[in-house]
Each structure stands twice: as structure tokens, then as C-alpha cells.
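Subject: Structure handover

Hello,

Here is the structure I promised to pass on to you. Please have a look at it first, and then read my notes below.

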Amino acid sequence: MIQLIAFYLFATVVIASGTLTIMARNPVHSVLWLILAFFNGAGLMVLAGAEFIAMLLVIVYVGAVAVLFLFVVMMLDIDFSELRAGFIKNFPLGMLLAIVLFVELFVGLVARSAGHLVLGKADGSGAPLAGKSNIEAIGALLYSRYLFLFEAAGIVLLVAMIGAIVLTHRQRSDTRGQNVGRQIARRPDEATVNVKPEVGKGVTL
Amino acid sequence: MTALFQSMGLPFEAAWLVATVIGILLIAFPVMLGVALVIYADRKIWASMALRKGPNVVGPFGILQSFADGIKVFLQETIIPSAANKGLFLIAPILTFTVALLAWAVIPFDSWMILANINVGLLYVLAISSLGVYGTVIAGWSSNSKYPFFSAMRASAQMISYEVSIGFILICVVLWAGTFNLNDIVQAQKSHVWLINGYVANPLLFPMWVMFLISGMAETGRAPFDLTEAESELVAGYQTEYSSMAFALYWLGEYANVLLMCALNATLFFGGYLPPLDWAPLYYVPGLIWLLLKICFFFFIFSWVKATVPRYRYDQLMRLGWKVFLPVSLLWVVIISGYLMLTGHFA
């Protein structure tokens, strides 16, 4: 009963906030609705028993990706009339995308009614480990059966990260950075001199 | 507790619901009370270090000062700036406060005193603490004012930076404990080094604790990392436009977060509800008392740092997070996993 109530609550909020993400006039509101959708999606994952995925969804998407998203959108200088100006031009493309997505959804529904997709192999190697927690089950699969795919994904991410750094990095000569080591290593006798200038002579430094 | 209500004749689901709600209240109210006392303690410690008296008028030794302040702000008018985004402006402080209370659900107060003893407890804490930034960011944006907006940008950059290194530090702890469950992590620390309960005595994990403490200060926006509310530059940062109860919710949320960080320090590195030494007579003292003592100890450190260390500059903050903590914690994950593999810890 409680699970059912929770499920319908999460599901309704996901769909409602998903719709509002598209409908909201203000991009910042859109991002906030998207965050709400992510969060409730995580709730659905918990209900399905995939607590590890749920936590990752919150940590990665809500905690990091969406913050950066919000960060960028907040700083946009939004001109609403300009936003609407492109509407007619992009309308056919948008409709095309919508039709493709709808057909995919339809195909999925039809395929589902034809019978469930059976995961895993006959020897049971694909099945979750009985009596193991989520993390252990995922770890056991990732680091044994899918080790090379996992490593490949890691390499792809590494390349993407290095690429992003290389593309955005620029050497700036006009900034004066702080060298903490040098500051700490500096002693009073290196930085100051004690002079007794004669009257009317002054000091050359 | 569920079993108790079941024995009183309630069906399982109703018993579970009642037990959980009572559990939530049993955590939320003491945390709120603790926050009020801790604000008083913070002011008192800060005053002593500045050779002042601190609050000493309301109640004996001024101990009721926080409650007097609470009643005062409660009776004030909530002012909403006309240019503000009204809905979000009001949601932001509520969000901060709620998130600050949420993470307490998984903290083990004793081996049996946990509201949600879940397998992904530590990840849950990480997930909730990553939500904390939204209260600040939404407040900064919806205030539609310059200083709060700067503060919001600082907050989002700061919290993301330090979350990365906190993640790696926690991985070191998880590697050693072999679990994400906070209760099991505490149990794994039992007589970890000779008789001492707690990972802090482990020379490999001690530097991680120091980094966790500092990252915790940055994550909660406490001095010396309180750039989000640096009064000399940003007035009061994201709180500038807030008044009355909305402002108080930020205060309560901030201190609840600080208390949570103290509790996490105690749980992850100082053996949580276990006594400091694995010596039988010490176990007669309830675990809750040990945890509270450890939280008080860490809160004193937080106040001490606040009273003595000058505020970091923004570029220094970023340098510490990305150029010092991130590489060191990453290296430490490799070192610790290498050491554990070498000694056959996972066998």
C-alpha cells in the first residue's frame, strides 16, 4: 500500500515536472523542473530496488550536472521575443523529433506486449547475485564479465576530459599567480634592508 | 520499533509508518534543539577566544539566547523584494533546511539506533549533501540582486569542487571498511589499531581525516571558507534579501549541516558510537553519549577554526580544492587500494 502510494506519487511528479520542463517559459524554471524530475526518478529507482543507481542519479545528475546546467542558464541574458522568433523556423524539426520519439515509444509498448525481454544467459551468469547488495552485484559484473567494456568506457571518459582541458586551456601571461611556496620560503632579511641615508641623499633601491 | 507497534495489534504497514514517523520526530527535534544549543556554544567559544563574554543575559549563562533570537525572528515580517521571483524566493530557505535534516536519517546513533539502516548509507549522505547547494543557488538567483547572485555562483563552484575530493576520501574509508553501510563502517573500526576504535589512528587514513575535516568546512561554507557570505565583499551573500523566518531557516540549516559534518567525522574516522578504546568498562556508557561527545569535540574544532583562521581568497579556495586535495586524495585511493591488495585485505 505504502509502496503503491509512493510509486504513484513519484511517477506523477516525474511526468508533471517533465511536462513543465518543456512548458516553462523561463529556462531557469525549466532546469529546476528537470531537477525535480531527476530526483523523483531516483525515488522510482529506490522503489524498484536499484538503490545504487538511484543514489548515483542524485549525486551525478542532480548534484553535479544540473548544478552546472543551472549555473550556465542563470547567466544567460534571456530575450523572450528572440526565443519565440525561432519557433516557426524550428517547428518542423521539432515535430519530426517528436514523431520519432513517439514511434519509438509505440514500438517499445508493442514489443513489451509481445513478451518480456529475457535478460542474462541460460547459465544464469547475467542474473543478479542472490543475497548480495546492489553495489556488490554491479561490481561483480563490471569487474569480471564487462571488464573490458568498463575499461573502454573509462578511457573514453579520460580522452573526453583531456580533450576538454586542451580545448579550453589558454596560457595567460598577464595574470600574476600566487606562488605559495615562494611566499612561505621568503625571509625578512631577503625582503628588507636597513639603511641609514645621509641627510638630503635619499636611497636607491 | 515496528515490532512493538505490531505487537499492539497494528498491521505491518501501519506499524511501520507509525514507527518511521516517530523515528523521524525523535531525530528531527533533538537535532533542532542541538542546533539551538550549538549556536549558543559557537557564540560563546568565539567570544572567549576574542576575550569577550558572549551571550550572557537571557537565561542562566545566556543559554536561552538562541531561543530568544528564534522568537524574535518568528515575530518579524517576511519581506519579499518586489523584483524577486516570489515562489523560488520562498522555496529556497525551506529547501536548505529540509536538506540539512534529511541526511540525519542514516547516521547511526547506536548499533540499534538508526532510522534507515540502508546499504548505500554513505552514498545517500553524499547525494543529500550535493543537494545542499540548491538552496543557496536558488536564493541567489531568485533574489534578483547582485550580491546574492555573486554568492550563488561562488557557492555552486565551491561545493562542486570540494565534493569531488570528499568523494575520493570516502572511497578510502569504504575500501578499508568494505561497505557503504554506515553502521558496518563503525563496526569495522572496532579495535582498528591495537585497542583504539577508529580509522584516525591508522597512519594511512589519518591524512584523509585531516582533508575530510577541511573539506567539510568548505562544504558547509564555514569559516575560513565562508566566501558565500563574505560580509566585507557581498554584504550577507545569498541571505542579503532575506528577513525573519526565512533568514532563520538558513541559520538553522547551516548549523544543522555543520553538526552533520561533525557527526560524519565522528562516524567515519573516530568510531562513531564506539568508545575511543576497545576496553570493556567503556562500553557501559551508552553509544549515543560517545557520539554526542565526539560531535561536541568536532564542533569545538569548527568554532576554534572560525575564531582563529582568516578567510580564504576565492582563488586560494579553488587552488586548495583542485590542485591540492584532488590529486592527493586520488593518489591516496591508489595507495590504500594497493596496500589493501598487498596485505590481502579483500581475500
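How many residues does the contact take from chain A and from chain B? The contact takes 28 residues from chain A and 28 residues from chain B, where contact means heavy atoms within 4.5 Å.

Before the details, a word on conventions. This is a predicted model, in which local features need pLDDT of at least 70 and side-chain atom pairs count only at pLDDT 80 or more, while totals for chains, interfaces and linings use all residues. Residues are numbered from 1 along each chain as its sequence is written, chains are lettered from A and ligands numbered from 1 in the order in which they are written, and side-chain values use heavy atoms, with hydrogens and water left out.

**The interface**

Between chain A and chain B an area of about 2400 Å² is buried, and carbon and sulfur atoms give 77% of it. Buried area here is the accessible area (1.4 Å probe) that two parts lose on being put together, summed over both. On the chain A side, A:Ile2, A:Met55 and A:Met74 lose the most area to chain B, and together they make up 23% of what that side buries.

Three helices of chain A give two or more residues each to the side that touches chain B: H1 (2–23), H2 (27–47) and H3 (51–74). Helices (H or I, at least four residues) are DSSP runs, numbered from the N terminus. The largest share of that side, 14 residues, comes from H3(A). By type, the residues of the side of chain A that touches chain B divide into 21 nonpolar, 6 polar and 1 charged. In this scheme Ala, Val, Leu, Ile, Met, Phe, Trp, Tyr, Cys and Pro count as nonpolar, Asp, Glu, Lys and Arg as charged, and the others, Gly among them, as polar.

What about specific pairs? The count of salt bridges between chain A and chain B is 0, a salt bridge being a side-chain nitrogen of Lys or Arg within 4 Å of a carboxyl oxygen of Asp or Glu. Across the same interface the rule finds 3 residue pairs in polar contact, both residues at pLDDT 80 or more. A polar contact is a pair of N or O atoms within 3.5 Å; within protein, one must be able to donate a hydrogen and the other to accept it, and residues adjacent in sequence count only if both atoms are side-chain atoms.

**Salt bridges**

Side chains of opposite charge can pair when their charged atoms come close. Over all chains the structure holds 6 salt bridges.

One of them joins B:Arg222 and B:Asp42, with the closest N and O atoms 3.3 Å apart. This pair links distant parts of the chain, 180 residues apart: B:Arg222 sits in the loop between helix H8 (206–219) and helix H9 (231–234) of chain B, and B:Asp42 in helix H2 of chain B. B:Arg222 counts as buried because its relative accessibility is 2%, and B:Asp42 is buried too, at 1%. (Buried means under 20% relative accessible area, exposed over 50%, partly exposed in between, with a 1.4 Å probe and protein chains only.) B:Lys306 joins B:Asp42 and B:Arg222 in a network of salt bridges.

In chain A, the side chains of A:Glu198 and A:Lys201 meet in a salt bridge at 3.8 Å, N to O. Here A:Glu198 is exposed at 57%, and A:Lys201 is exposed at 62%. B:Arg313 and B:Asp315 form another salt bridge, with the closest N and O atoms 2.8 Å apart; B:Arg313 is partly exposed at 43%, as is B:Asp315 at 40%.

**Backbone points in chain B**

B:Phe61 is not a glycine, yet it has a positive phi of about 55°. B:Phe61 is found in the loop between H2 and helix H3 (65–75) of chain B, and its relative accessible area of 68% makes it exposed. B:Asn144 also has a positive phi, near 55°; it lies in the loop between helix H5 (121–142) and helix H6 (146–177) of chain B and is exposed at 54%.

**Confidence in chain A**

Chain A averages a pLDDT of 81, and 86% of the residues score at least 70. pLDDT is the predictor's confidence in each residue, from 0 to 100.

Best wishes
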